[in-house]
Amino acid sequence: MKQRYHLLDMVRGICIILVVWYHILYNLSEIFGGEYAFFRSGGMNNFRDGFVGVLMVLAGISCSLTRSNLRRGIRTLAGGLLITAVTAAVMPGQLITFGILHFFGCCMLLYAAAHRLLEKVPVMFGAAVSFLLYFMTRNLYSVVTGVPRSFLLFALGFRTGHSSADYYPMIPWIFLFLAGGFLGRLFARGTVPDVFQKDPVPALSWLGRHTMIIYLLHQPVVYGAMALYFSLIK
């Protein structure tokens, strides 16, 4: 990549802070039995979907700025499978079978396979249609029922009887990723405003450049610290 778009890193850094904050609340509410009614509210769900959606658009943009989406996808999917293995061994009640890293890894691999076809679609048309498809399909899981018990269909976004403590199915979320994939071509061409090259808060930009390692490490650290704390105050 010829130019680093620091503003994208900064926004990604803000989002990963919100992810950590959300998981702290999740642990307190769902694992350690705290009474946090607001955590289960519709407003909280919409806020979570908002910053996670931004991360998905940013991941799609990065598809046009990376050297290899194939390597990136394999590495990310491997991280998701590691989380599956760890939760199965340590926290089976919080098993993650298709979480956000599984989702990102699959999207990156699909993008690597289909990018030549996607490049034939005009940027703004592709982005607009992708955003529209996201809003049209975002209730797929709750609306469509009675599908066969298939993990593939579960990963796609259908209610099959499977479960995952962290669940981001391909539909509708892939459409946000694809929207970012189309917009990423503007960044690759260098046709975006110069403000994206600014780095007003370097600390946030640094966090944004290390989201994968932060995501993999933060939950074991947070959960371990909370487990120790609550065991000491009993």
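The stops below go from the nonpolar core to ring pairs and then to salt bridges.

**Before starting**

This is a predicted model, in which local features need pLDDT of at least 70 and side-chain atom pairs count only at pLDDT 80 or more, while totals for chains, interfaces and linings use all residues. Residues are numbered from 1 along each chain as its sequence is written, and side-chain values use heavy atoms, with hydrogens and water left out.

**Stop 1: the core**

Select Met56, Ile61, Ile100, Phe103, Phe104 and Phe177, the residues with the most contacts inside the largest nonpolar core, which has 50 residues. A nonpolar core is a set of buried Ala, Val, Leu, Ile, Met, Phe, Trp, Tyr and Cys residues joined through side-chain atoms within 4.5 Å. Buried means under 20% relative accessible area, exposed means over 50%, and partly exposed lies in between (1.4 Å probe, protein chains only).

Next, colour the elements that give two or more residues to this core: α1 (6-31), α2 (42-62), α4 (100-118), α5 (123-137), α7 (151-156), α8 (170-189) and α10 (211-233). Helices (H or I, at least four residues) and strands (E, at least two) are DSSP runs, numbered from the N terminus. In soluble globular proteins, nonpolar side chains tend to be buried together.

Which residues does isoleucine 100 touch, not counting residues up to four places away in sequence? They are Val52, Met56, Asp166, Tyr168 and Tyr215, where contact means heavy atoms within 4.5 Å.

**Stop 2: aromatic rings**

Rings of Phe, Tyr and Trp (its six-membered ring) pair if their centres lie within 6.5 Å; planes under 30 degrees apart count as stacked, over 60 as edge-to-face and the rest as tilted. By this rule there are 18 aromatic pairs. Select tryptophan 21 and phenylalanine 47: their ring centres are 6.0 Å apart and their planes stand at 80°, so the pair is edge-to-face. Tryptophan 21 belongs to helix α1 and phenylalanine 47 to helix α2, so this pair ties together parts that are 26 residues apart in sequence. Tryptophan 21 is partly exposed at 35% relative accessible area, and phenylalanine 47 is also partly exposed, at 40%.

Phenylalanine 51 is buried, with a relative accessibility of 6%.

Now select Phe98, Tyr141, Phe151, Phe154 and Tyr167, a cluster linked by ring pairs. Arginine 159 lies over the face of tyrosine 141, 5.5 Å from the ring centre. A charge sits over a ring if NZ of Lys or CZ of Arg is within 6 Å of the ring centre and within 35 degrees of the ring normal.

**Stop 3: salt bridges**

A salt bridge is a side-chain nitrogen of Lys or Arg within 4 Å of a carboxyl oxygen of Asp or Glu, and the count here is four. In one of them, aspartate 9 meets arginine 12 at 2.8 Å, N to O. Both residues are buried, and they lie three residues apart in helix α1, about one turn of the helix.

Finally, select arginine 40 and glutamate 30, whose salt bridge has its closest N and O atoms 3.1 Å apart. Arginine 40 is in the loop between α1 and α2, and glutamate 30 is in helix α1, ten residues apart.
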